[in-house]
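Dear colleague,

Please find the structure below. My notes on its salt bridges and on one helix pair follow it.

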Amino acid sequence: EVLDRYLQRFPDSAIALNLKACLKYRLFSGEAAEEELRVLMDLQTSATSYDCFNDVVQHDLVVFRNGEDAPRILYPLLDIIREARVNLAIFHIRNGNYRDADELLRTLDPSYPVEYILKGVVKACIGQFEANDEELELARQYFQLVGSAASECDTVAGRQSMSCSFHIMGQFDEAVSYLRTIAPFCDAMPEYQYNLGVCLGASGSFA
């Protein structure tokens, strides 16, 4: 609502239009976000003053389209848009290229919880598929950092992270306890049910 009021006064604000598109992506879908971004894209075609936002628009389109054409568009943006490195790493994870994702994140100094979580996911994938205990321990540390942070410990992401940390340590009862606390928010998600089932099975709770 605040953003809509701002856009009523400044309907051609590129920053506000891009922010609204990103919110639509988080709240609804990539299709809804791209439709919102098209307003900014139309402005780009009518005024050269919007050309400086071309990199941002191209980056966001990759995200909104679920990684479509990610390597071609995001690699040139790695040193321009911080999120390009994160989203390209996500693309590699989805395609099973965990070492490529790890290489991308090697130079990323995490500043936000999602970046710590992403590093943890990459390390966990490498540790699992390569049977590498050192990588698994690094993953556990990243997850614990997020899950124990005062700002994150009572969030869904924080609880998931603590569950992952306990899972890696083989403390499945603790992992289940944390997963159950976020059931109201995640119960309909297949990946949540899968993780809960694995932890329950590993702890001997088959009923």
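**Salt bridges and a helix contact**

Glu137 is partly exposed, with a relative accessible area of 31% (buried means under 20% relative accessible area, exposed over 50%, partly exposed in between, with a 1.4 Å probe and protein chains only). Its salt-bridge partner is Arg140, with the closest N and O atoms 2.9 Å apart; a salt bridge here is a side-chain nitrogen of Lys or Arg within 4 Å of a carboxyl oxygen of Asp or Glu. Arg140 is buried, at 12% relative accessible area. Both residues belong to helix H9 (residues 133-148) and sit 3 residues apart, about one turn of the helix. Helices are DSSP runs of H or I with at least four residues, numbered from the N terminus.

On conventions: this is a predicted model, in which local features need pLDDT of at least 70 and side-chain atom pairs count only at pLDDT 80 or more, while totals for chains, interfaces and linings use all residues. Residues are numbered from 1 along each chain as its sequence is written, and side-chain values use heavy atoms, with hydrogens and water left out.

The structure holds 16 salt bridges. One of them pairs Glu36 with Lys20, the closest N and O atoms being 3.8 Å apart. This pair links distant parts of the chain, with Glu36 in helix H3 (residues 30-46) and Lys20 in helix H2 (residues 14-27), 16 residues apart. Glu36 is buried at 15% relative accessibility, and Lys20 is buried at 19%.

Another salt bridge joins Glu34 and Arg65, at 2.6 Å from N to O. Glu34 is in helix H3 and Arg65 in the loop between helix H4 (54-64) and helix H5 (70-74), so the pair ties together parts 31 residues apart in sequence. Glu34 is buried, with a relative accessible area of 15%, whereas Arg65 is partly exposed at 35%.

As for the helix pair, H7 (residues 98-105) and H8 (residues 113-129) pack at an angle of about 145°, with their axes 9 Å apart (axes are lines fitted to C-alpha atoms over the stretch in contact, and angles run from 0 to 180 degrees between N-to-C directions). Contact, meaning heavy atoms within 4.5 Å, involves Tyr98, Arg99, Ala101, Asp102 and Leu105 of H7 and Leu118, Lys119, Val122, Lys123, Cys125, Ile126 and Phe129 of H8. These residues divide into 8 nonpolar, no polar and 4 charged (Ala, Val, Leu, Ile, Met, Phe, Trp, Tyr, Cys and Pro count as nonpolar, Asp, Glu, Lys and Arg as charged, and the others, Gly among them, as polar).

Regards

How values were computed:
Helices (H or I, at least four residues) and strands (E, at least two) are DSSP runs, numbered from the N terminus.
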